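The structure is shown first.

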Amino acid sequence: MIEETPKKHYMAWMTLAMLDFVTIIRFEDVFYPYQNQGLSVIFSWIFLLICYQLPYTLIATQLGLAYKDTEEGGLASWIRRGTGSDVLGYATSWMYWAQTVPYLVDVSNSIIVSISWMILGNNTLGKHMSPFMFGLLTFVIILIFILCESAYKNSLDLLSLIGGIAMFAMSVIFVILIIWALMHGGHIATKMEWSSFKPNFSVHYFSTTGLLIFAMSGAELAAPYVTRLKNPRKEFPKSMWMLFAMTVFMTLTETLGLAVLFDAKHIPHDFKMNGAFYAFQLLGEEAGMGKSLMYMYAIVCLLNFMADLAALIDAASRVFASDTSEKYMPSWLRKKNKDGLPVNSYVLTCSITLFLLLLSGTLPEINDIFNWLLNLNGIVSPYKTSVVFLAFLAFRYRHKTFADGDFVFIRNHKGALAVGWWCFIFTFICATMGFLPQDVTFDSPQWTKQLWMNIITVIVLFGTGFLLPWLRKLELKHQAKANS
């Protein structure tokens, strides 16, 4: 009797696009640059979408298909196979994991803010909760998600699809209501004149560009799921193009909508934390719906953040299962439980998270904590993204040793290298400029304090990775002695 081969469960390419979408561009990600750069951020978005995001997406597409046989490795495997260096592969693996930690904290912060709006219906969270309690709850949320990782892992596809569709739907509703308000005599808060759109190329302008890159980064997160598509050669490019199209729609239309609701020259100081809720509250009142629209957004926001947090923890766990970790990471860090999860890596995640929360707890208000942790992502995330372009450069420099694969971004060799170098240099400079604090007065005590906090945090996040190879050497020495 012939046994039937069990059917493999494939992921739909639209699901993959949504999975990547919820981890890349969130509705409120557009609010952060609007507070930093005003309406001139339109210029920044258009420039970055054409000259940065589009090549970035296509580069990730080529690398994802070229290395589709290394499902668990992701970016670390791209570097190792492209350069032939296990050391660089390990360094990439660590950097990828380290930059995820501030984002986990940021998403957990946003979950608390969403719940506070659902309960309180306003921006008075700081009056009901101390900064210490805010940090404690953030840590508890991360811990709960890590403990439940194996439970939601099997439902990640559905959770991400629901979260992505719901958030994109809210973006569409936002735009529709803005148009409706204008057609019914709504007032435009920002003067739509050339001076409003004209960028001011100052140190502050370039120091805040890292947050735009952070908002756009993450296309490579889809790569580990390439082998779960039924026809990767055709479906993966489709998912990446869909991702790019949604990003274009959200960034440009949403920014113009913000200019209608909020005067770009007089933005609330807590706009990064509460701006999205202010927006739906204003639109709901304009449409005669009271606060119902705001509550609807708070629920969708919560679902989206939960999907985001789940996807991030799942993607981060894959890094510790990469083909670069065994040689340089201690075995205890790579240890897996019966479900195949690297449990001790989660302990390390909690430890680094606790360090960030204790450090941020020295700031006076919840809004300061939220802003600092958010801005920290504008440093570490672009540094990680720059490695994507290094992987692409390594791949193209050694193009003769690789097959063309299923997708090729720019067949002209010199043209491909020029684009790769442009993306890498631009990303690296913006990441470095991000060390300069953004939401406090220049050269004030708070500015100096946050500058040192940025430096110390990046050293801890990336520097801890240098200790692990040393610990691995000690472990191997101890094993050798035990066996002799």
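## Ser 239

Ser 239 has a relative accessibility of 1% and therefore counts as buried (under 20% relative accessible area, with exposed over 50% and partly exposed in between, using a 1.4 Å probe and protein chains only). The residue is found in helix H13, residues 232-261; helices are DSSP runs of H or I with at least four residues, numbered from the N terminus. Leaving aside residues up to four places away in sequence, Ser 239 touches Trp 13, Leu 16 and Ala 17, where contact means heavy atoms within 4.5 Å.

## Basis of the values

The model is predicted: local features need pLDDT of at least 70 and side-chain atom pairs pLDDT 80 or more, while totals for chains, interfaces and linings use all residues. Residues are numbered from 1 along each chain as its sequence is written, and side-chain values use heavy atoms, with hydrogens and water left out.

## Packing of H7 and H17

Helix H7 (residues 131-147) packs against helix H17 (residues 343-360) at an angle of about 170°, and their axes are 10 Å apart. That makes the two helices, H7 and H17, roughly antiparallel (over 145 degrees; under 35 is roughly parallel, 65 to 115 roughly perpendicular and the rest oblique). Axes are lines fitted to C-alpha atoms, for helices over the stretch in contact, and angles run from 0 to 180 degrees between N-to-C directions. The crossing of H7 and H17 is right-handed, meaning that the near helix is turned clockwise from the far one by less than a right angle.

H7 contributes Gly 135, Thr 138, Phe 139, Ile 142, Leu 143 and Ile 146 to the contact, and H17 contributes Tyr 346, Thr 349, Cys 350, Thr 353, Leu 354 and Leu 357. Of the residues in this contact, eight are nonpolar, four polar and none charged (nonpolar: Ala, Val, Leu, Ile, Met, Phe, Trp, Tyr, Cys and Pro; charged: Asp, Glu, Lys and Arg; polar: the others, Gly among them).

## Aromatic pairs

The whole structure holds 28 aromatic pairs (ring centres of Phe, Tyr and Trp, its six-membered ring, within 6.5 Å; planes under 30 degrees apart are stacked, over 60 edge-to-face and the rest tilted). The rings of Tyr 52 and Phe 426 are 5.8 Å apart at their centres with planes at 55°, so this pair is tilted. Tyr 52 lies in helix H3 (residues 41-66) and Phe 426 in helix H19 (residues 413-433), so the pair ties together parts 374 residues apart in sequence. Tyr 52 is buried at 0%, and Phe 426 is buried at 15%. Ring pairs link both into a cluster with Phe 43, Phe 47, Tyr 56, Phe 389 and Trp 422.
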